[in-house]
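Please examine the following structure with the sequence at hand. The paragraphs below lead from a strand to the residues around it, and then to other parts of the chain.

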Amino acid sequence: MTSPGRAVAPRARNLPALVREAWRAMRQGDPWAWLFPWPPYCLGCGVELPGAPVTCPAICPTCHRQVAFRPRSRCPSCDRPAWLAEAGRPCSECRNLGPPWQAVRALGPYDGLLRRLILRMKYGEEPYVAALLGRLLAERVAAWPRDLLVVPIPLHPARLRERGFNQALLLAANLARVSGRPLAPHALRRLRRAPPQAMLGAAARRSNVEAVFAPRPGWRLGGRPVLLVDDVLTTGRTLASACQALRAAGAGPVFGAVAAVTPLWPGAASPAASVPVPGRDPGEEPARAWAGSSSDRAGAEPAVGGGALLGGLWGDAEGLRQS
């Protein structure tokens, strides 16, 4: 006859594991993940992913390849796809800008699936996409120094009230958590609300973000290296202005991590001179629909869930609201 002790022993042994799982989820910033786990599906195409982690949104290998860079030449300074006159030399944008950062790394070009994920994060009421992009960014900068202080590009308080969150802060928080780096969420302040960079020409972009950031009052870095985080790098003016504010606070070398960069190819409009088209993101070809270009399709068009479709349509309608 089985003793009562043996009947309850398996449950008693599982209780510590349940407590450890709950504690791990709380430390990772999602205290409800152990009670309401993420469905095991890909955020890009909706395919089921058995065994995917329940504490973070996931992406399938096919979609992961779509958000990464293609085998093309890239600028060693800003990481944007560009035609380089000489291997290892900066692109024309970086030569004109003279960037104050050490290097910038991105997940891929601002196009296709990566662009749709970013628009869903910012305008599609799906800020949890930042958990996926932040984790991928942490892998992208894994080789950089571990003592980098992670600092997000701030939003103006008025825009923060409108949107409800700062997408750069969400990316930075997830990057810092996954990589084990310290996070300084309020290290920088945005002094004035500037018009979106996408609505301006080259000269106006330079003055638009000039002296727009300042370090937190009384905050000194004492030569500490910094990792600046933003969602999209277009011309680099915003990141350069934030670098200057950090240097004023005594920062050491400044690195950058962005979810995406705009490509730069001969014959295409420069990001600094692009003219926005209503209802479409600047730099997007007129024939490209929300479903993506031919480069997004690997054999067959991936299935898109209702949430992804809604987020993508909303993102395209709000494409001009770049911060």
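Strand β2, residues 149–152, is covered on both of its faces. Leu 149 and Val 151 on one side are buried, as are Val 150 and Pro 152 on the other; buried means under 20% relative accessible area, exposed means over 50%, and partly exposed lies in between, with a 1.4 Å probe and protein chains only. In a regular strand the side chains alternate between the two faces of the sheet. Strands (E, at least two residues) and helices (H or I, at least four) are DSSP runs, numbered from the N terminus.

The model discussed here is predicted: local features need pLDDT of at least 70, side-chain atom pairs count only at pLDDT 80 or more, and totals for chains, interfaces and linings use all residues. Residues are numbered from 1 along each chain as its sequence is written, and side-chain values use heavy atoms, with hydrogens and water left out.

Strand β2 pairs in the parallel sense with strand β5, residues 226–233, over four bridges; two strands pair if DSSP finds at least two bridges between them. Within β5, Leu 227 is the bridge partner of Val 150.

Val 150 also belongs to the surroundings of Arg 181. Where does Arg 181 lie? Its place is the loop between α7 (167–179) and β3 (188–190). Contact means heavy atoms within 4.5 Å. When neighbours within four places in sequence are left aside, the residues in contact with Arg 181 include Val 150, Trp 144, Pro 145, Leu 148 and Leu 175.

A polar atom of the Arg 181 side chain lies 3.1 Å from the backbone oxygen of Pro 145. The side chains of Arg 181 and Ser 179 are joined by a polar contact of 3.4 Å. A polar contact is a pair of N or O atoms within 3.5 Å; within protein, one must be able to donate a hydrogen and the other to accept it, and residues adjacent in sequence count only if both atoms are side-chain atoms.

The structure holds one aromatic pair. Trp 144 and Phe 255 form this pair, which is tilted, with 4.8 Å centre to centre and 45° between the planes. Because Trp 144 lies in the loop between α5 (129–140) and β2, and Phe 255 in strand β6 (residues 254–261), the pair ties together parts that are 111 residues apart in sequence. Rings of Phe, Tyr and Trp (its six-membered ring) pair if their centres lie within 6.5 Å; planes under 30 degrees apart count as stacked, over 60 as edge-to-face and the rest as tilted. Trp 144 is buried, with a relative accessible area of 14%, and Phe 255 is buried at 13%.

Two further residues concern the backbone. Asp 79 has a positive phi of about 75° although it is not a glycine, and Glu 125, also not a glycine, has a positive phi of about 55°. Asp 79 counts as buried at 2% relative accessibility, whereas Glu 125 counts as exposed at 72%.
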